[in-house]
Every structure is written in structure tokens, then in C-alpha cells.
Amino acid sequence: MEALECIKTRRSIRKFEDKAVDHDTVNAIIDAARMAPSWKNTQIVRYNVVENRDVLDHIANDCVLGFEYNQKTISRAPQLVVVSMIEKRCGYERDGSFTTSKEDRWEMFDAGIASQTFCLAAHDKGVGTVILGIFDESKVAEAISLPEGEKVAALIVMGYPAQECEAPKRKEVADLVRYL
Ligand SMILES: Cc1cc2nc3c(=O)[nH]c(=O)nc-3n(C[C@H](O)[C@H](O)[C@H](O)COP(=O)(O)O)c2cc1C
């Protein structure tokens, strides 16, 4: 798929077929996502692919702050990627001080770029995704026994699409750009 077509036709998918994405395909998606740029090439993002139905149901029922929409989306999906970040590298100097006034917020910046790259690569392979931001960070970390020294950035629900979605309305270029 052409890059611009991929960017423009990717949609958030919230209903999935009852079929898991095989590991070769998931690995190929991560092979693309790992080429995302990162702060000083620190590459702090990890992809924790949850396939166990009990863990998925636990995250759906107990870890999304009671947000029913996300509960349903996760319940309907074969897989969920918990995007995690290694702490205290991105945005930091070697002595542990922050490099810029954005402090450690570059971690989330990198996780965002990586997540979108993941979603675009998935779309290219016919795999649907939706990024979820409404969840309980510590409960999700506990649910997947996230290694010490990592924290959760976002959830990406993944599977083969069982719906076609229109793009929600976007602002016009003229409303977004300023040439100085
Ligand atoms: C950081 C972030 C958090 C999001 N959180 C949620 C969420 O919790 N639940 C959900 O259903 N969609 C969530 N979305 C998806 C947005 O609603 C969606 O991207 C937006 O409506 C535009 O639709 P599109 O992705 O189909 O273009 C999130 C997207 C982003 C980037």
C-alpha cells in the first residue's frame, strides 16, 4: 500500500473477527514499528501482546476505569498490545538530569510515534487497531506482570476488522497550519 493511502485510510477499529493475528504477522508489524524515530535512538518502547482470554477479560472488566466502550472493544478482540516504556532513559542525560524542560514527557512522545507506526503497519497488513487511552495504568501493569522499571504508555487493541468505519471529521489544513 502507498504510504499516503495507508495514512489516510487507517481507521480506529472496535469490532473484530474471531481470529487471532498470527505471530509472523505481529512480528512483521513490530519489525516496521521498531523503525520509528526515538529520543537519541533510545528505543524504550516494548510491545506486550496479550492473547490469554482470561487476562484480556480481566483487563476489559477491571482495568478500564469503568469505561464501557473500551470494555466492549477489548472483550470483542482476540489480542491486545500493551505498549510499555522503559523508565529513566528517554529525555534524560547520563547523570539522571532532564535534558529539556519537557522532562520525561519525551517518553510518551516516542511511545506515540511507535504506536502510530504500529497501527499503520498493521493496516498495511489488513489488521485493524484502535489505540486506547482510558485505562488504569497500574492495574494493567499488574494484570500482565509488567517487568520492574517499565510503565504502561497505551493499549492497542488488534484483530481482523469486522466493521468498516468512516473517518471522523477532521479540521481543514487552513485551520491547522501557520506559515511564519
Ligand atoms: C492517545 C489516544 C487515545 C485514544 N483513546 C481511545 C479510547 O480510550 N477509546 C477509544 O475507543 N478510542 C480511543 N482513541 C481513538 C480515537 O477516538 C480515534 O483515533 C479518533 O476518533 C479518530 O478516529 P480514527 O482513528 O478512525 O481516524 C484514542 C486515540 C488516541 C490517539
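Let's go through these topics one at a time.

Reply: This is a predicted model, where local features need pLDDT of at least 70, side-chain atom pairs count only at pLDDT 80 or more, and totals for chains, interfaces and linings use all residues. Residues are numbered from 1 along each chain as its sequence is written.

Me: How many helices and strands are in the protein?

Reply: Helices (H or I, at least four residues) and strands (E, at least two) are DSSP runs, numbered from the N terminus. Here you get 7 helices and 4 strands, running α-α-β-α-α-β-α-β-α-β-α from the N terminus on.

Me: Which residues of helix 2 are buried?

Reply: Buried means 20 or more other C-beta atoms within 10 Å of a residue's own, exposed means 12 or fewer, and partly exposed is in between, with C-beta atoms placed from the backbone. In helix 2 (residues 23–33), Val26, Ile29 and Ala33 are buried. They sit on the same side of helix 2, because their arc around the axis (directions from the axis to the C-beta atoms) is only 60°. An α-helix has 3.6 residues a turn, so residues three or four places apart point the same way. Asp24, Asn27 and Asp31 are exposed on the other side of helix 2.

Me: Which residues come nearest the ligand?

Reply: A residue is near a molecule if its C-beta atom, placed from the backbone, lies within 6 Å of it. Of the 14 residues around the ligand, Arg11, Ser12, Leu132, Gly133 and Ile134 come nearest. Helix 4 (68–75) and strand 3 (128–132) each give at least two residues to the shell.
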